Amino acid sequence: MHTNPLGDFDRLRHLDAQAVRNSAALVRQVTPGDLLRPTPCSEWTLTGLLAHMTAQHRGFTAAALGHGRDLTHWRVRPLAVDAAAEYDEAAEQVIAAFATVTAPDRPFVLPELPAVQRFPADRAIGFHLLDYVVHSWDVARSLGLTYEPGPELLAAALPVARAVPDGVHRLAPDSPFRPALPPDDEAGTLERILLALGRSPGCSSSRSPDRRGPSGDTAPGSPRDSTVRDTTC
């Protein structure tokens, strides 16, 4: 039991907002010429990934406001001409919606999870936080940018990633994750998160990056064009 559940909940919402704004900083670096780039998600080019990320913000916004059962809020739509502005708007909406939730046990309806669709707010926001830590990595990997979220954010995301049920069901065509991959002893926290969700942190590309991510520097040899897509996301 949490000794200070409301304090922990405020921290969770703060960290989720940080993850979301990290993702927005990366999305603002996407140019029209980048939209057809492959991503680590085998089903999506970058435009498909961004459309999914935008839709998930809208769905979680609806869930926070008590309308999560309505599937129209979760529907993936084609991106606007200014995809970054559309994404920014959806990102700020979900942050504002989470700020209205005052109790960590307030129920969220997440209809895309078929087995259990009702979750307490703290678990649901934890799912959202994990999604945007990992999808930020997806976007950065697609663009050949570094992505280095802070240690507090990674520490919050890791137990959520480890709690995602593993097993043969992850081999199904519609599974959002591939089976977890084992970390080595030297794996960092971000690598452990990615591996827990079946992503390969070391996927490679044919070109080196020529842009900088939110963390500042690019890493020599980081992928840019031919991203290995190893999960369905």
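Visitor: Are Phe60 and Trp74 buried or exposed?

Guide: Both Phe60 and Trp74 are buried. Keep in mind that this is a predicted model.

Visitor: Why is the pair of Phe60 and Trp74 called edge-to-face?

Guide: Two values decide. The ring centres lie 5.5 Å apart, and rings pair if their centres lie within 6.5 Å. The planes of Phe60 and Trp74 stand at 65 degrees. The cut-off is over 60, so the pair is edge-to-face.

Visitor: Where do Phe60 and Trp74 sit in the chain?

Guide: Phe60 is in helix α2, and Trp74 is in the loop between α2 and α3. They are 14 residues apart, and the pair links distant parts of the chain.

Visitor: What makes Phe60 and Phe98 an edge-to-face pair?

Guide: Set the values against the cut-offs again. Centre to centre, Phe60 and Phe98 are 6.4 Å apart, against a limit of 6.5 Å. Their planes make 85 degrees, against a threshold of over 60. The pair is edge-to-face. Phe98 lies in helix α3, 38 residues from Phe60. Both Phe60 and Phe98 are buried.

Visitor: Which residues form the aromatic cluster?

Guide: Phe60, Trp74, Phe98 and Phe108 form one cluster. The whole structure holds 4 aromatic pairs.

Visitor: Which residues have the most contacts inside the largest nonpolar core?

Guide: Phe108 is one of them, and Leu129, Leu130 and Val133 are also among them. That core has 58 residues. Its largest share, 12 residues, comes from α4. In soluble globular proteins, nonpolar side chains tend to be buried together.

Visitor: At what angle do α4 and α5 pack?

Guide: Helix α4 (residues 121-143) and helix α5 (residues 151-163) pack at about 110 degrees, with axes 9 Å apart.

Visitor: Why is α4 called roughly perpendicular to α5?

Guide: The label covers 65 to 115 degrees. The angle of about 110 degrees falls in that range, so α4 is roughly perpendicular to α5.

Visitor: Which residues meet where α4 contacts α5?

Guide: From α4 come Gly126, Phe127, Leu129, Leu130 and Val133. From α5 come Leu153, Leu154, Ala156, Ala157, Val160 and Ala161. These divide into 10 nonpolar, 1 polar and no charged.

Visitor: What is Val133 in contact with, leaving aside neighbours within four places in sequence?

Guide: Val133 is in contact with Ala19, Tyr147, Leu153, Leu154, Ala157 and Leu190.

Visitor: How do you know whether Ala196 is buried or exposed?

Guide: Ala196 lies in helix α6. Its relative accessible area is 13%. Buried means under 20%, so Ala196 is buried.

Visitor: Which residues in α6 are buried, and what covers them?

Guide: Leu190, Ile193, Leu194, Leu195 and Ala196 are buried in α6. The cover includes α4 and α5. Ala196 is also 8.2 Å from Val164, C-alpha to C-alpha, though they are 32 residues apart in sequence.

Visitor: What follows α6?

Guide: Gly198 does, with a positive phi near 85 degrees.

Visitor: How many helices and strands does the protein have?

Guide: There are 6 helices and 2 strands. From the N terminus, they run α-α-α-β-β-α-α-α. Of the 233 residues, 49% count as buried.

Note on methods: Residues are numbered from 1 along each chain as its sequence is written. This is a predicted model: local features need pLDDT of at least 70, side-chain atom pairs count only at pLDDT 80 or more; totals for chains, interfaces and linings use all residues. Side-chain values use heavy atoms; hydrogens and water are left out. Axes are lines fitted to C-alpha atoms, for helices over the stretch in contact, and angles run from 0 to 180 degrees between N-to-C directions. Helices (H or I, at least four residues) and strands (E, at least two) are DSSP runs, numbered from the N terminus. Angles under 35 degrees count as roughly parallel, over 145 as roughly antiparallel, 65 to 115 as roughly perpendicular and the rest as oblique. Contact means heavy atoms within 4.5 Å. Ala, Val, Leu, Ile, Met, Phe, Trp, Tyr, Cys and Pro count as nonpolar, Asp, Glu, Lys and Arg as charged, and the others, Gly among them, as polar. A nonpolar core is a set of buried Ala, Val, Leu, Ile, Met, Phe, Trp, Tyr and Cys residues joined through side-chain atoms within 4.5 Å. Buried means under 20% relative accessible area, exposed over 50%, partly exposed in between (1.4 Å probe, protein chains only). Rings of Phe, Tyr and Trp (its six-membered ring) pair if their centres lie within 6.5 Å; planes under 30 degrees apart count as stacked, over 60 as edge-to-face and the rest as tilted.
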